[in-house]
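Please consider the structure shown below. The briefing that follows describes selected features of the fold, grouped by topic.

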Amino acid sequence: MSTAALMSVEEYLETSFEDGDREFIDGELLERNLGEISHSDIQTLLSAWFVAKRRVPGVYPLIGVRVRVSPTRYRVPDVTVVRGEKPSGRVITEPPFLVIEILSPEDRASRTEEMIDDYIRAGVRFVWVIDPETGKGHIYTQDRRIAVEDGVFRAEDPQIEVHFAELAA
């Protein structure tokens with residue numbers, strides 16, 4: 001749901017929201033669907049998977065951080081994975097290696113597709129969209145959309161394989 005009032009990028013970047021962050025899409029604020037236990041649980045488990053013993057060397061996970069996808073658009077992925085060490089600054093301005101979106105019952109296909117398009121256009125190498133109830137979803141890259149029927153979410157260079165069943169066990 002977006003608000004009617006327009007705001008500048010500068011105002012957005014200086015604003016904190018008491019009830020959860022918002023995305024910024026061409027001057028409008030867009031609320032994010034979250035707050036349910038299944039969504040939060042998978043978000044936490046995914047982040048912990050990346051952090052545990054630095055399972056994948058050379059990457060750094062972040063939860064709920066603002067990511068600039070264009071000069072007038074900022075998204076807030078559920079989990080963002082960047083190459084290298086912890087980024088400096090307040091927001092992610094370079095394309096992350098991987099972003100993970102966890103579906104909520106209220107998510108609409110058109111909004112999810114627009115979000116995926118923003119990530120891919122911005123140069124994100126991998127986008128995972130996960131249904132926390134089934135463990136199924138999709139992996140998106142610049143030239144592919146792969147249905148994840150086996151519950152294994154993958155990325156390459158570095159090689160990453162997250163088995164949903166093991167994660168949720």
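D157 is placed in the loop between β11 and β12, in a model that is predicted. Helices (H or I, at least four residues) and strands (E, at least two) are DSSP runs, numbered from the N terminus. Residues are numbered from 1 along each chain as its sequence is written, and side-chain values use heavy atoms, with hydrogens and water left out. In this predicted model, local features need pLDDT of at least 70 and side-chain atom pairs count only at pLDDT 80 or more, while totals for chains, interfaces and linings use all residues.

**Backbone features in loops**

- Most residues other than glycine have a negative phi, and most peptide bonds are trans.
- D157 is a residue other than glycine with a positive phi, near 60°.
- D157 counts as exposed because its relative accessibility is 54% (buried means under 20% relative accessible area, exposed over 50%, partly exposed in between, with a 1.4 Å probe and protein chains only).
- The peptide bond that joins D157 and P158 is cis, with omega of about 10°.
- P158 is also placed in the loop between β11 (152-155) and β12 (160-163).
- D26 is not a glycine either, yet has a positive phi of about 50°.
- The loop between β1 and β2 holds D26, which is partly exposed, with a relative accessible area of 43%.

- A pair of aromatic rings is described by the distance of the centres and the angle of the planes.
- Rings of Phe, Tyr and Trp (its six-membered ring) pair if their centres lie within 6.5 Å; planes under 30 degrees apart count as stacked, over 60 as edge-to-face and the rest as tilted.
- By this rule, the count comes to five aromatic pairs.
- One of the pairs, Y12 with F24, is stacked, at 4.9 Å centre to centre and 25° between the planes.
- Y12 lies in helix α1 (residues 9-13) and F24 in strand β1 (residues 22-25), so this pair ties together parts that are 12 residues apart in sequence.
- Y12 is buried, with a relative accessible area of 0%, and F24 counts as buried at 1% relative accessibility.
- The pair of Y12 and Y74 is tilted, at 5.6 Å centre to centre and 50° between the planes.
- Because Y12 lies in helix α1 and Y74 in strand β5 (residues 73-75), the pair ties together parts that are 62 residues apart in sequence.
- Y74 is buried, as is Y12.
- Y12, F24 and Y74 are linked by ring pairs into a cluster.
- R66 lies over the face of Y12, at 4.0 Å from the ring centre (a charge sits over a ring if NZ of Lys or CZ of Arg is within 6 Å of the ring centre and within 35 degrees of the ring normal).

- Strand β8 (residues 126-130) and strand β9 (residues 137-140) run antiparallel and are joined by four bridges (two strands pair if DSSP finds at least two bridges between them).
- I130 has G137 of β9 as its bridge partner.
- The hairpin of β8 and β9 has six residues between the strands, and G135 in this hairpin takes a positive phi near 80°.
- Strand β10 (residues 145-148) pairs with β9 in the antiparallel sense over four bridges.
- G137 has V148 of β10 as its bridge partner.

- On a 1 Å grid over the protein atoms alone, a pocket is an open set of points where a 1.4 Å probe fits, with protein on both sides within 12 Å along at least five of seven lines; lining residues have an atom within 4 Å of a point.
- The volume of the second largest pocket is about 240 Å³ (grid points are joined across faces, edges and corners, and a volume is the space filled by probe spheres set on the points).
- This pocket is lined by 13 residues, of which T112, V129, H138, Y140 and R145 are the closest to its centre.
- α3 (109-122) and β9 each supply at least two residues of the lining, and α3 gives the most, with five residues.
- The lining divides into five nonpolar, three polar and five charged residues (Ala, Val, Leu, Ile, Met, Phe, Trp, Tyr, Cys and Pro count as nonpolar, Asp, Glu, Lys and Arg as charged, and the others, Gly among them, as polar).
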